[in-house]
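Work through the exercises below with the structure in view, trying each task before reading its solution.

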Amino acid sequence: MRMVRAGSWLVLLLLISVFAAAQDSLSSSSTSSSEGQPAAAPAATPAPVPAAATDTPSQSTQSLPPVAATLNDVLDRVVQREHYFMAQMRHMHPMVETYLQDLKNDSSGAAVPSKDQYFLGRLDMSDGPEDTSFTGQPGFGRRVVARLTGVYSLHFLPMGFAQMVILDSDFQKKYYNFSFVRREFLGEIRCLVIDVQPREGQKVPRFMGRIWVEDQDYNIVRFNGTYAPQPKINFFFHFDSWRLNMRPGTWLPAYVYSEESNMKTGLSKSLHFKAQTRLWGYDLKGLNKNEEFTQILVDSPQSVRDQSDAAADATPVVAERMWEKQAEDNAVERLQKIGLLAPAGELDKILCTVVNNLLITNNIDLQGDMRCRVLLTSPLESFTIGHTIVVSRGMLDVLPDEASLAMVLSHELAHIVLAHRLDTKLAFNDRMFFPDEDSFQRLDFKRSAADEEAADNKAMELLKNSPYRDKLGEAGLFLKALQEKAPDLPNLIRPHLGNGLASAKSVRMAAVLAAAPALDEKRLDQIAALPLGGRVKVDPWSDQVELSKAKSVPLASAREKMEFEITPFFPYLTRLSMGATDKVALTSSSSSTTQPK
Ligand SMILES: [Zn+2]
């Protein structure tokens, strides 16, 4: 086997900067055109919309439906599509994750995270928006209130941040004033940009802000604003809500960014936070179907067949291995089915490349297969299930380089090399019969303190023989930054299935940390950790993951490092063609990164 580099790990990504230009052009006009416009464009007034199919000949426009001629026609279509959207969402049960960072101003006046909150659940809108919590909370909205505002008894959105995927559950032209702003591309999608304000005298809070409507089927693909009027005891946050084209003609919520910088919630208390909400796992049935392509089902019958060639019962040693494999496969399969684990894909191979580099240089030949998988959640964690190494999306996002990835993987590989046991109770299938929301309680891959220490020691040994041995300074910087942030970001660092990476008192792989150079936040050439959300891209329909293709941009100031922080979303919107119903993956591009250099 050859040594290969997973080179793309060296790429630093800053999602927001890539789209800085687009953002500037939006924000500069977002308020001026809607305020000071005393209901100037009532819906009944037909305002001409520029003919859609003429000014960008590069777009493929051959099969466009008839173009709506006036704003009024457009709005009829938008309202119709929005009702169709609501009907569709009642049958959808995506995972919904919100990660919130409470901010404070540091000595230089910059906003830095001071606390955080985490929620993971599954959206259920069959009877109005509702969510089922995975993290043991009664409901995110209320809980956040309790934590965020301390003694202040306040109520935010009745169902938390997931509400922000809905513009208006009863969207009607008669409730709003609309005014056409301009046309604009979001990614490759040409959109009509329309300002929306509730008319006077609305009894219930309604959306107020701006919508982006794609000009082919007139689906809303983005809306940015808040709900108004603000009720007396509740608070509505500002939000920027994005939908992606997941099936031909179907746009579903994928990202919501929310931010408040000076929201008064009491006599002296004001809210200052930013929050990311992500949705995925729309196609859980499809995930089951896709399993025939995964390594699980390809590999395991093979390893069993090897033993059965002799047409004899398994020896005790083989039986024990098969038993452990059964527990491992049950757990992996379950995690994937409920939408916590990405299906096997190209990104797993990149992770395995790094693990193989460690194995080869240490002359280790693992008996049986080893595989890597990606947990789809934001908190930084990694753990092993038998011979499966699992690393979370959030962890992959923030790791600054390949050496720090190797450090994380070496610890997990050490568990495998040292043959630390998987609790085989999961080999009994009845133990997998539990409600999805109990997953974090029922599936527990925590190790003892003794196993953790042994794995750290073994991992150091593995790293010292590896090509990463000279680059561990960067990895140590990552651990330093992590340890520094741990008291402020406990929910980012608290694992749900495995062992913690760091706490205020201790950090995993302390030997690497001890050898690290001094951390200097001011230095632009020292990147100890990346922001969340920049590296791994999740397909919210299929749960497939890939490395983001966005190119890194030079940082303008140290503030742009945003280590472990969340940022707004600016996804590059694309449209699925009608022939793309069997879209399998977004994985082809990353395979080139595993080629030898
Ligand atoms: Zn461990």
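**Exercise 1.** Find the salt bridge between D329 and K325, and decide whether its two residues are buried or exposed.

*Solution.* The side chains of D329 and K325 form a salt bridge with an N to O distance of 3.5 Å, where a salt bridge is a side-chain nitrogen of Lys or Arg within 4 Å of a carboxyl oxygen of Asp or Glu. Both D329 and K325 are buried, a word that stands for under 20% relative accessible area, with exposed meaning over 50% and partly exposed in between (1.4 Å probe, protein chains only). The two residues lie 4 residues apart in helix 7 (residues 316-337), so about one helical turn separates them; helices here are DSSP runs (H or I, at least four residues) and strands likewise (E, at least two), numbered from the N terminus.

The model is predicted, so local features need pLDDT of at least 70 and side-chain atom pairs count only at pLDDT 80 or more, whereas totals for chains, interfaces and linings use all residues. Residues are numbered from 1 along each chain as its sequence is written, and side-chain values use heavy atoms, with hydrogens and water left out.

**Exercise 2.** Which parts of the chain does the salt bridge between E452 and R508 link?

*Solution.* Begin with the pair itself, in which the side chains of E452 and R508 meet at 3.7 Å, N to O. The residues are 56 apart and link distant parts of the chain, E452 being in helix 12 and R508 in the loop between helix 14 (490-493) and helix 15 (510-514). Both E452 and R508 are buried.

**Exercise 3.** Describe the salt bridge between D102 and K115, and state how accessible each partner is.

*Solution.* The closest N and O atoms of D102 and K115 are 3.5 Å apart. This pair also links distant parts of the chain, with D102 in strand 1 (residues 95-105) and K115 in strand 2 (residues 111-124), 13 residues apart. D102 counts as buried because its relative accessibility is 9%, whereas K115, with a relative accessible area of 37%, is partly exposed. By the salt-bridge rule, the count comes to 27.

**Exercise 4.** Which residues have the most contacts inside the largest nonpolar core?

*Solution.* They are F445, F478 and F564, in a core of 87 residues; such a core is a set of buried Ala, Val, Leu, Ile, Met, Phe, Trp, Tyr and Cys residues joined through side-chain atoms within 4.5 Å. Its largest share, 9 residues, comes from helix 10 (residues 402-417).
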